[in-house]
Amino acid sequence: MKKFLLASLLVGLTTICMAQEVRYGVRGALNVSNLDFDPDATFENKHRNGFAFAGFVEYGFSEELALHTELQWSAEGGKDEDLRADYIQMPILLKLSTSDRLSFMSGPQVALKTWQNNDGFSTFAFSGVIGAEYMITDELFVDARFSYGLTNILDEDNLPNLEAKNHVMQFGFGIKI
């Protein structure tokens with residue numbers, strides 16, 4: 001019985017591996033971002049418009065399910081110069097295709113700050129991401145994503161009684177090779 005289960009598992013994994021497709025690509029996006037403060041900000045907290053650029057790998061498990069990973073640079077934070085923070089991010093998204101053209105995705109995102117030293121922001125941030133992608137052709141796509149910070153992006157040593165979390169809406173365009 002154990003041999004039968006092992007053989008079945010190996011055949012199943014081999015079938016999944018043979019059905020896999022790997023695609024690469026690039027993506028650019030317009031960001032609309034802001035910070036949620038706790039306690040609420042006592043100053044005017046306007047959103048920041050910025051850009052994001054990424055390279056990605058999409059690893060297909062089946063026709064409907066894929067793992068989408070990116071390395072992305074993103075301009076985020078608030079409009080005021082002191083509230084801006086730029087990041088190198090790595091979203092790891094599970095992607096579910098509902099048709100040949102439309103897909104939905106969600107997953108975690110880890111970020112590394114690339115702005116100034118000692119600016120009041122913590123070095124790392126962690127977010128959750130959800131989004132949708134529409135394939136215009138077999139290679140070109142548009143997408144929309146929303147990410148919400150799960151961790152405080154402010155340095156707790158410098159600002160112990162204040163917490164801020166990024167939230168970002170991205171509208172992207174890209175190409176898959």
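Contact here means heavy atoms within 4.5 Å. I am working on a predicted model.

**Entry: Q109**

I looked up Q109 first. Q109 sits in strand 5, which covers residues 102-113. Is Q109 buried or exposed? Its relative accessible area is 5%, so I noted Q109 as buried. Then I listed its contacts, skipping neighbours within four places in sequence. Q109 touches Q72, Q89, M90, P91, A125, F126, S127, V129 and S147.

**Entry: salt bridges**

How many salt bridges does the structure hold? I found 11. I took a few of them in turn.

D86 pairs with R48, and their closest N and O atoms are 3.1 Å apart. D86 belongs to strand 4 (residues 84-97) and R48 to strand 2 (residues 48-60), so this bridge ties together parts that are 38 residues apart in sequence. I checked burial too: both D86 and R48 are buried.

Next came K95 and E133. Their closest N and O atoms are 2.6 Å apart. K95 lies in strand 4 and E133 in strand 6 (residues 124-135), so the pair links parts 38 residues apart in sequence. Why does K95 count as buried? Its relative accessible area is 3%, and the cut-off for buried is under 20%. E133 has 2% relative accessibility, so E133 is buried as well.

I also noted K165 with E163. Here the closest N and O atoms are 3.6 Å apart. K165 is partly exposed at 21% relative accessible area. E163 is partly exposed too, at 31%.

**Entry: aromatic rings**

I searched the whole structure for aromatic pairs and got five. One of them is F53 with W73. This pair is stacked, with 6.4 Å from centre to centre and 15° between the planes. F53 is in strand 2 and W73 in strand 3 (residues 65-77), so the pair ties together parts 20 residues apart in sequence. I then looked for a cluster around the pair. F51, F53 and W73 form one aromatic cluster.

**Entry: a charge over a ring**

Last, I looked up K176. Where does its charged end sit? I found it over the ring of F141, 5.5 Å from the ring's centre.

Terms used
Residues numbered from 1 in each chain as written. Predicted model: local features only at pLDDT ≥ 70, side-chain atom pairs only at ≥ 80, totals over all residues. Heavy atoms only, no water. Helix = DSSP H or I, 4+ residues; strand = E, 2+ residues; numbered from the N terminus. Buried < 20%, exposed > 50% of the residue type's maximum accessible area, 1.4 Å probe, protein only. Salt bridge = Lys/Arg side-chain N within 4 Å of Asp/Glu carboxyl O. Phe/Tyr/Trp six-rings, centres within 6.5 Å; stacked < 30°, edge-to-face > 60°. Lys NZ or Arg CZ within 6 Å of the ring centre and 35° of its normal.
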